[in-house]
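Open the model in your viewer and keep the selection tool at hand. The stops below say what to select next and what is there.

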Amino acid sequence: MKQRIQSFLSRFSFRTGIIIFALCVPCYIISFAQMALPISAPAKGVLWFVFFGLAKTFQYGGLTILGVDGVKRINSWWKSKISNR
């Protein structure tokens, strides 16, 4: 099952992987920011569970799409941006 999921996700492009990976950031923000809302504790727990789960799903899905070469590509891009400052 794990191999089938990995082979399915590896068919997506690098750009799609970046977009999926970037979607984890708003989900993390929402999962913790909703704690400030004036709603009941069980509702906060459910919202946290849903959005934190989505964040982790986007994070691992994006990393699976990118693969090792994609992560190396992002790291080299990030290092070149920092060194150009």
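**Before you start**

This is a predicted model, in which local features need pLDDT of at least 70 and side-chain atom pairs count only at pLDDT 80 or more, while totals for chains, interfaces and linings use all residues. Residues are numbered from 1 along each chain as its sequence is written, and side-chain values use heavy atoms, with hydrogens and water left out.

**Stop 1: the whole chain**

Show the protein chain as a cartoon. Helices (H or I, at least four residues) and strands (E, at least two) are DSSP runs, numbered from the N terminus.

Now turn the view. The C-alpha trace spans about 45 × 45 × 15 Å along its principal axes. The radius of gyration of the protein chain is 16 Å, whereas a compact globule of 85 residues would have one near 12 Å. That radius is taken over C-alpha atoms, and the globule rule is 2.2 Å times the number of residues to the power 0.38.

The protein chain exposes about 6,500 Å², with 69% supplied by carbon and sulfur atoms; the areas come from the Shrake-Rupley method with a 1.4 Å probe, and for residues only the protein chains shown count as cover. Of the 85 residues, 16% are buried. Buried means under 20% relative accessible area, exposed over 50%, and partly exposed in between (1.4 Å probe, protein chains only).

**Stop 2: M1**

Select M1, in the segment before helix 1 (2–9). M1 counts as exposed because its relative accessibility is 71%. Draw a C-alpha to C-alpha distance from M1 to K81: they are 80 residues apart in sequence and 38 Å apart in space.

**Stop 3**

Move to helix 2, where R15 is found. R15 has 66% relative accessibility, so it counts as exposed.

With 29% relative accessibility, I18 counts as partly exposed. Leaving aside neighbours within four places in sequence, I18 is in contact with L66 and I74; contact means heavy atoms within 4.5 Å.

**Stop 4: the largest pocket**

Select F14, I18, F21, A22, L63, L66, V71, R73, I74, N75 and W77, which line the largest pocket. Helix 2 (14–22) and helix 4 are the elements that give two or more residues to this lining. Helix 4 gives the most, with seven residues. About 170 Å³ of space lies in the largest pocket.

A pocket here is an open set of points on a 1 Å grid over the protein atoms alone, where a 1.4 Å probe fits, with protein on both sides within 12 Å along at least five of seven lines; lining residues have an atom within 4 Å of a point. Grid points are joined across faces, edges and corners, and the volume is the space filled by probe spheres set on the points.

**Stop 5: Q34**

Finish at Q34, in the loop between helix 3 (24–33) and helix 4 (41–83). Is Q34 buried or exposed? Q34 counts as buried because its relative accessibility is 5%. Not counting residues up to four places away in sequence, Q34 touches I39, K44, L47 and W48. The side chain of Q34 also reaches the backbone oxygen of K44 at 3.3 Å.

Definitions and conventions:
A polar contact is a pair of N or O atoms within 3.5 Å; within protein, one must be able to donate a hydrogen and the other to accept it, and residues adjacent in sequence count only if both atoms are side-chain atoms.
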